[in-house]
Amino acid sequence: MQAQHEIENAMPAASDKLNIESIRRDFPILNLKVHGRQLVYLDNAATTQKPQVVLDAIQRYYTEQNSNVHRGVHYLSQLATREYEGARVKIQRFINAAESHEVIFTHGATEGINLIASSYGRKFVHEGDEVIISAMEHHSNIVPWQMLCEQVGAKLRIIPINEKGELLIDDLEAMINARTRLIALVHLSNALGTINPVKRVIDIAHSHDVPVLLDGAQATSHLKIDVQELDCDFYVFSGHKVCGPTGIGVLYGKSQWLESMPPFMGGGDMISSVSFEKTTYNSLPYKFEAGTPNIEGAIGLGVALDYLTGIGIDRIAEYENELLDYATEVIGSIPGVKLIGTAREKSSVLSFTLENIHPHDIGTILDQEGIAIRAGHHCAQPVMKFFNVPATARASFSFYNTKQEIDTLAEGIQRVIEVFG
Amino acid sequence: MSDISELYQQVILDHNKKPRNFRKLESANREQEGYNPLCGDQLTLYLEMDGKVIKDIGFQGSGCAISKASASMMTAAVKGKTKDEAEVLFDEFHRMVKGELDPEKEENHLGRLTILSGVREYPARVKCASLSWHTLHAALENKDEAVSTE
């Protein structure tokens, strides 16, 4: 099916637009009926749906390839190892890492950040040092740093945002000092949709010899990621938000950092030799991959990235921007709707409130219409506090969504207004 | 499929818009925080106990229509009741919203509170309806720490 796409999309069509009907056929779940209605899935920032090629790859792994990796001399173990390591190379290409051993498999972006907080933190962050994050972080890029700072007696500093949800980058320069050890910043905000000026942040940080970690959980499915061009020191993302399986994620780190950092977890696969007197750690990337990994997850993620590449990230981004513009106009013009997060550089996320109607009530009523959105604080309570709302309703888009679905959402919101009279 | 208007009945919408006993009780001799970390619903319950009797009750906080209406109706239902009577209502209400007690078939003391029975069709919303009751339960038990539905 993927090959079919490549052919269709490679053809010099009348326009360079995506063939959404064809793409939707690749995602079996999109045909689902929910409460008797056609599913309208607009919760892509929470997780994306999976194309058939990814489902097939997982099925194939367990029916034809299942074995443990890096251990066996037998046929299946070698096959599984080849597939697993093949996925690593696919990811390396997708993010344009210089080396495949700079790609560490984790179980998600959260684990990636925790790995850096624990490993880089233990080695380089000491009492009196400082770590900088922003006011629009997901809890997963706040709490690990709070835990680290509490442990070692370091200080957490926060880059502020404005009322549009944009980073106040001018404040950054003054925040960096001789004690700054790391800047950890979200690439694309899950609660607001803001795309941060990460290249500028990295340039500023590097001019002070401060490394930068980017949380790409939300960005990776919407923006072209080139870690060498960005020159970021670390980049993390999750498989399940890029059409891959859950429980698999990636930590990219520059070799020189990863080499200098201690292991995160101890166990099998991360050692060269073990005796009760001394253990020698394995080389990269295995030093950071203790225990039997999520093999089918890695393989599935590789296939998912192939699928996205086949369609073209640039074309995906263009179409998703079209969807966001349309939704901003259609939903934003409903009387009573207030958009939360109106940054100039924005992607794929429409967070909003509706008069005095609580987002959970909006979510329940929309659900009865078959429409899936997220209602809540989006694991970003400081963002909610900044905008002085307890929660927001959030519609988030993927390339398989359509303008008709946004119209259905608008009708659903009208229904909410009717119910609450 | 259940009709959404069975959940959002007029009485519930009315309690949401004009919650009863929605005030800080100056005469309170017990105060209890309740919190639903999943959705951020938060409420503070104020009780004025006269021996074993709930002499007066008030609440403040923010939350969805279901949680606000449920808290409002709860305060109206338990005012003047004894601790034991309120605990019976807590138990019955809790079982009703979880679908373990059918108020139309089984004997109960719920009265108007049965209007909230529609919640049982919406598992994600059961915690919204029961937050205030858990908070009341903790207040009557005189627990010190804040109540969480998680």
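Over all chains, a search of the whole structure finds 25 salt bridges, each being a side-chain nitrogen of Lys or Arg within 4 Å of a carboxyl oxygen of Asp or Glu. The model you have open is predicted, so that local features need pLDDT of at least 70 and side-chain atom pairs count only at pLDDT 80 or more, while totals for chains, interfaces and linings use all residues. Residues are numbered from 1 along each chain as its sequence is written, chains are lettered from A and ligands numbered from 1 in the order in which they are written, and side-chain values use heavy atoms, with hydrogens and water left out.

**A salt bridge within chain A**

Select Arg88(A) and Glu289(A), whose side chains meet in a salt bridge at 2.8 Å, N to O. The two residues are 201 residues apart and link distant parts of the chain, Arg88(A) being in helix H4 (residues 75–95) and Glu289(A) in the loop between strand S12 (279–281) and helix H11 (295–311) of chain A. Helices (H or I, at least four residues) and strands (E, at least two) are DSSP runs, numbered from the N terminus.

**Where the chains touch**

Next, colour the two chains separately and turn to their contact, which takes 22 residues from chain B and 15 residues from chain A, contact meaning heavy atoms within 4.5 Å. The area buried between chain B and chain A is about 1,400 Å², with carbon and sulfur atoms giving 57% of that area; buried area is the accessible area (1.4 Å probe) that two parts lose on being put together, summed over both.

Across this interface the rule finds 1 salt bridge, and selecting Arg125(B) and Asp361(A) shows their side chains meeting in a salt bridge at 2.8 Å, N to O. On the side of chain B that touches chain A, helix H1 (4–7), helix H2 (10–17) and H3 of chain B are the elements that give two or more residues, and H2(B) gives the most, with 3 residues. By class, that side of chain B has 13 nonpolar, 5 polar and 4 charged residues, where Ala, Val, Leu, Ile, Met, Phe, Trp, Tyr, Cys and Pro count as nonpolar, Asp, Glu, Lys and Arg as charged, and the others, Gly among them, as polar.

A pocket, on a 1 Å grid over the protein atoms alone, is an open set of points with protein on both sides within 12 Å along at least five of seven lines, whereas a cavity is a set where a 1.4 Å probe fits but cannot get out; lining residues have an atom within 4 Å of a point. The volume of the largest pocket is about 650 Å³, a volume being the space filled by probe spheres set on the points, which are joined across faces, edges and corners. The largest share of its lining, 5 residues, comes from H13(A).

For the second largest pocket, with about 530 Å³ of space, select Glu355(A), Asn356(A), Ile357(A), His358(A) and Asn16(B), which lie nearest its centre among 24 lining residues.

**A cavity**

Finally, the search finds 1 cavity of 30 Å³ or more, and about 80 Å³ of space lies in the largest cavity. Of the 14 residues that line this cavity, select Gln42(B), Leu43(B), Ser62(B), Ser67(B) and Lys68(B), the closest to its centre. The largest share of the lining, 4 residues, comes from S3(B).
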